[in-house]
Amino acid sequence: MSESGLHARPGSLKSASYRESHTAMRITLETGDITAQRVDAVVNAANSSLLGGGGVDGAIHRRGGPAILAACRELRASRYGRGLPAGQAVATTAGELSARWVIHTVGPVYSASEDRSAVLASCYAESLRVADELGAETVAFPAVSAGIYGWPHEDAARIALTTVSQASCRVGEARFVLFTPDMHAIFARVHAGLKLA
Ligand code: AR6
């Protein structure tokens with residue numbers, strides 16, 4: 001199988017190792033570096049090129065090594081010749097990370113004049129859909145679009161937490177890994193306010 005061919009076929013969902021029921025997914029919050037997480041899948045806040053960048057994308061490629069970039073190049077040479085559109089998600093190997101997969105998603109650039117919230121919500125929903133197809137039990141998320149793409153932090157947290165809490169899938173834990181204590185505090189406040197705990 002090619003490095004980029006990590007999307008599970010529908011039939012594989014029937015494998016005995018899968019939990020068939022959609023039990024409630026736990027949402028947890030941590031402060032830290034997402035590349036150090038021991039989870040099945042790490043979500044990357046990528047850009048459409050899939051060829052790397054700064055922020056969490058840069059950190060994942062640095063720590064995960066060249067296998068991730070090679071898999072992304074394969075995706076660009078096949079399914080995503082024009083790049084990965086914002087709001088979509090695709091999995092690759094996680095290279096040297098302890099995770100099994102990196103799920104690349106492309107957040108929208110924040111716009112004060114256009115409501116792109118649905119695209120940001122789609123990043124989380126699609127990432128969880130891909131994680132579910134792969135059979136990932138634990139998934140780590142960064143605050144997509146809340147860095148270089150400029151999304152206001154509180155609103156980014158609200159969209160992230162609302163979308164993940166409403167998802168129906170077999171992933172057992174969605175772990176938000178926030179890079180700073182300030183961002184963790186924002187997510188914790190929004191989480192408490194949404195009464196999801
Ligand atoms: N672990 C967890 N969170 C991190 C880490 C890390 N190692 N590093 C940064 N963050 P950003 P975006 C936080 O800019 O806004 C890239 O160039 C960061 O503090 O990584 O979606 C891509 O290639 C912030 O809270 O992603 C795109 O071009 C959050 O992760 C563009 O940036 C997201 O910040 C995507 O911008």
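The structure is a predicted model, in which local features need pLDDT of at least 70 and side-chain atom pairs count only at pLDDT 80 or more, while totals for chains, interfaces and linings use all residues. Residues are numbered from 1 along each chain as its sequence is written. The protein has 5 helices and 6 strands; these are DSSP runs numbered from the N terminus, with helices (H or I) of at least four residues and strands (E) of at least two.

**Overall fold**

- Along the sequence, the elements follow the pattern β-β-α-α-β-β-α-β-α-β-α.
- Of the 197 residues in the protein, 41% are buried. A residue is buried if 20 or more other C-beta atoms lie within 10 Å of its own, exposed if 12 or fewer, and partly exposed in between, with C-beta atoms placed from the backbone.
- Two residues are in contact if their C-beta atoms, placed from the backbone, lie within 7 Å. Among contacts between residues at least 6 apart in sequence, 75% join residues at least 24 apart.

**Nonpolar core**

- In soluble globular proteins, nonpolar side chains tend to be buried together.
- The largest nonpolar core holds 57 residues, and Ala41, Val42, Val139 and Ala160 have the most contacts inside it. Such a core is a set of buried Ala, Val, Leu, Ile, Met, Phe, Trp, Tyr and Cys residues joined through C-beta atoms within 7 Å.
- Helix H3 gives the most to this core, with 7 residues.
- Leaving aside neighbours within four places in sequence, Ala160 is in contact with Tyr124, Phe141, Ala143 and Phe176.

**Helix contacts**

- The axes of H3 (residues 117-134) and H4 (residues 153-166) come within 9 Å and cross at roughly 45 degrees. Axes are lines fitted to C-alpha atoms, for helices over the stretch in contact, and angles run from 0 to 180 degrees between N-to-C directions.
- H3 and H4 are therefore oblique to each other. Angles under 35 degrees count as roughly parallel, over 145 as roughly antiparallel, 65 to 115 as roughly perpendicular and the rest as oblique.
- From H3, Ser117, Leu120, Ala121, Tyr124, Ala125 and Leu128 meet Ile159, Ala160, Thr163 and Val164 of H4.
- The residues of this H3 and H4 contact divide into 8 nonpolar, 2 polar and no charged. Here Ala, Val, Leu, Ile, Met, Phe, Trp, Tyr, Cys and Pro count as nonpolar, Asp, Glu, Lys and Arg as charged, and the others, Gly among them, as polar.
- The axes of H4 and H5 (residues 181-193) come within 9 Å and cross at roughly 55 degrees.
- In that contact, His153, Glu154, Ala157, Arg158 and Leu161 of H4 meet Met183, Ile186, Phe187, Val190 and His191 of H5.
- The residues of the H4 and H5 contact divide into 6 nonpolar, 2 polar and 2 charged.

**Individual residues**

- His104 lies in strand S4 (residues 101-106), and this histidine is buried because 28 other C-beta atoms lie within 10 Å.
- Beyond residues up to four places away in sequence, His104 touches Asn44, Ala46, Leu50, Leu84, Ala89, Val90 and Thr92.
- Most residues other than glycine have a negative phi.
- Leu50, in the loop between strand S2 (41-46) and helix H1 (55-64), has a positive phi near 60 degrees. Leu50 is buried, with 25 other C-beta atoms within 10 Å.
- Ser145, in the loop between strand S5 (138-141) and H4, has a positive phi of about 70 degrees. Ser145 counts as buried, with 26 C-beta neighbours inside 10 Å.
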